[in-house]
Amino acid sequence: MAELGSKGVTAGKIASNVQKKLTRAQEKVLQKLGKADETKDEQFEQCVQNFNKQLSEGTRLQKDLRTYLASVKAMHEASKKLTECLQEVYEPDWPGRDDTNKIAENNDLLWTDFHQKLVDQALLTMDTYLGQFPDIKSRIAKRGRKLVDYDSARHHFEALQTAKKKDETKIAKAEEELVKAQKVFEEMNVDLQEELPSLWNSRVGFYVNTFQSIAGLEENFHKEMSKLNQNLHDVLLGLDKQYSGNAFPVKAQPRKKTKLFARLRKKMSSDSTPAKANKSPSPPPDGSPITSPETKTVNHELEPSTLEAPGASIPKSPSQPTEAAHAGAEAAGSEAAAGAETSKTEADSGSTSLPAVVVETFPATVNGAMEAGASSERADMPPGFLFKVQAMHDYTATDSDELQLKAGDVVLVIPFENPEEQDEGWLMGVKESDWIQHKELDQCRGVFPENFTERVQ
């Protein structure tokens, strides 16, 4: 007990506080059960609702403002790293190096100043504004407890007055406690009745000042940053003028495989010479069949079930020369697309004339059956048409099997006859204008870089 007394707390005070809590609890139970009336103040309750709303809005604003400041700091760090990167890549002999260093330094100072002013003029003001809410919230809660004490004292006094056997001493004491409880409650109630409406109305001026400060700081920051960016733009423009001949070009992905048409034309040219057409290689000593990595042994009778090439067919005739049949079979079996080139090559090399090769534009057949998907091809599109692309940049062909493109050209994309011939990043196609004019794939199709085009259909 002595220890409690030394701290200003006595056993009697503790017992009194415990008794008050019990009395309040009993009073609240009776009020909830409807056995005791409760003093109501609707105007004050509205003030309390406004206070809670104001506290909630202010707390959210404080949280979002801190998030905003964290984002500003992150942007500062990102901007600093970006300017440091520029300083590193800016070579000493380039014009404007000193200017870029100065711009980078001012950029860092501008971000630092912007962040610090936001803290001083917005965040600290926000913290001060919200600092008054905990005390008022505590006083509102205490007023609520004193209101329960007042109601409890009032009910106790009324009960003693209406009792059949009255005890004047108890009534006098109860009245004294009632007056005391009422005085404490009314003092707190009056203060809060004045402060809460004033606090509620102050929110308008606070929000105006806060957001005006943020808006003004942002305006000034972006204005100064705009000047720095313009200076940097001018410096880089001067660098660009000095090195204008070294513009960054759009490049195609390199092709790794052997050029498709170049190989085919070379093969067709070598296969169509008279000497090679009439030459019959001697069989090996062991009697095994002669094979070639690029051609297959073809039956000179050209049975339809064993030889039909996509896009071309060779008429079968009993009187057809063996050499012509052999040459025609090799041309059709190696690549139908190079048929026209074969005829030209043979004419230039002076070879014996061969029977005409009929080039058909309808879908090819294999063993008399239509190829899968051919029936769905549109008549106005090349066989195997996939989709359309449009050239976004000019492309200069570097090989005879590539398409020369101008920005705006539309290309009809078709599949590679041999998927293994396709390089990554390259497509096969024919320019729409060439297809409409010639309706011929052999002379018009070619490969082109996909990254120079954009799909349009």
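Modeller: Leu22 is found in helix H2; helices (H or I, at least four residues) and strands (E, at least two) are DSSP runs, numbered from the N terminus. This is a predicted model, in which local features need pLDDT of at least 70 and side-chain atom pairs count only at pLDDT 80 or more, while totals for chains, interfaces and linings use all residues. Residues are numbered from 1 along each chain as its sequence is written, and side-chain values use heavy atoms, with hydrogens and water left out.

Colleague: Is Leu22 buried, partly exposed or exposed?
Modeller: Leu22 is partly exposed, because its relative accessible area is 46%. Buried means under 20% relative accessible area, exposed over 50%, and partly exposed in between (1.4 Å probe, protein chains only).

Colleague: Which residues form the nonpolar patch?
Modeller: Ile14, Val18 and Leu22 form that surface patch, with about 240 Å² of accessible area together. Patches are made of residues with over 30% relative accessible area and no salt bridge; like charges are joined within 9 Å, and nonpolar side chains (Val, Leu, Ile, Met, Phe, Trp, Tyr) within 5 Å. A salt bridge is a side-chain nitrogen of Lys or Arg within 4 Å of a carboxyl oxygen of Asp or Glu. Accessible areas come from the Shrake-Rupley method with a 1.4 Å probe, and for residues only the protein chains shown count as cover.

Colleague: And which residues form the positive patch?
Modeller: Lys21, Lys28, Lys32, Lys142 and Arg145 form it. Helix H2 (11–32) and helix H5 (133–162) are the elements that give two or more residues to this patch, and H2 gives the most, with three residues. Lys21 belongs to helix H2 and counts as exposed, because its relative accessibility is 60%.

Colleague: What about negative charge; which residues gather there?
Modeller: Glu186, Glu187, Asp191 and Glu194 gather in a negative surface patch. Glu186 lies in helix H6 (residues 168–242).

Colleague: Now the strand. Which way do the residues of S8 point?
Modeller: In strand S8 (residues 446–449), Gly446 and Phe448 point one way and Val447 and Pro449 the other, and all are buried. In a regular strand the side chains alternate between the two faces of the sheet.

Colleague: In what sense do S7 and S8 pair?
Modeller: Strand S7 (residues 426–431) and S8 pair in the antiparallel sense over four bridges, where pairing requires that DSSP finds at least two bridges between two strands. Gly429 stands opposite Gly446 in S8.

Colleague: How far apart are Lys251 and Pro449?
Modeller: They are 198 residues apart in sequence and 8.7 Å apart in space, C-alpha to C-alpha. Lys251 lies in the loop between H6 and helix H7 (260–271).

Terms used:
Lys and Arg count as positive and Asp and Glu as negative; His and the chain ends are not counted. The place of a charge is taken as NZ of Lys, CZ of Arg, CG of Asp or CD of Glu.
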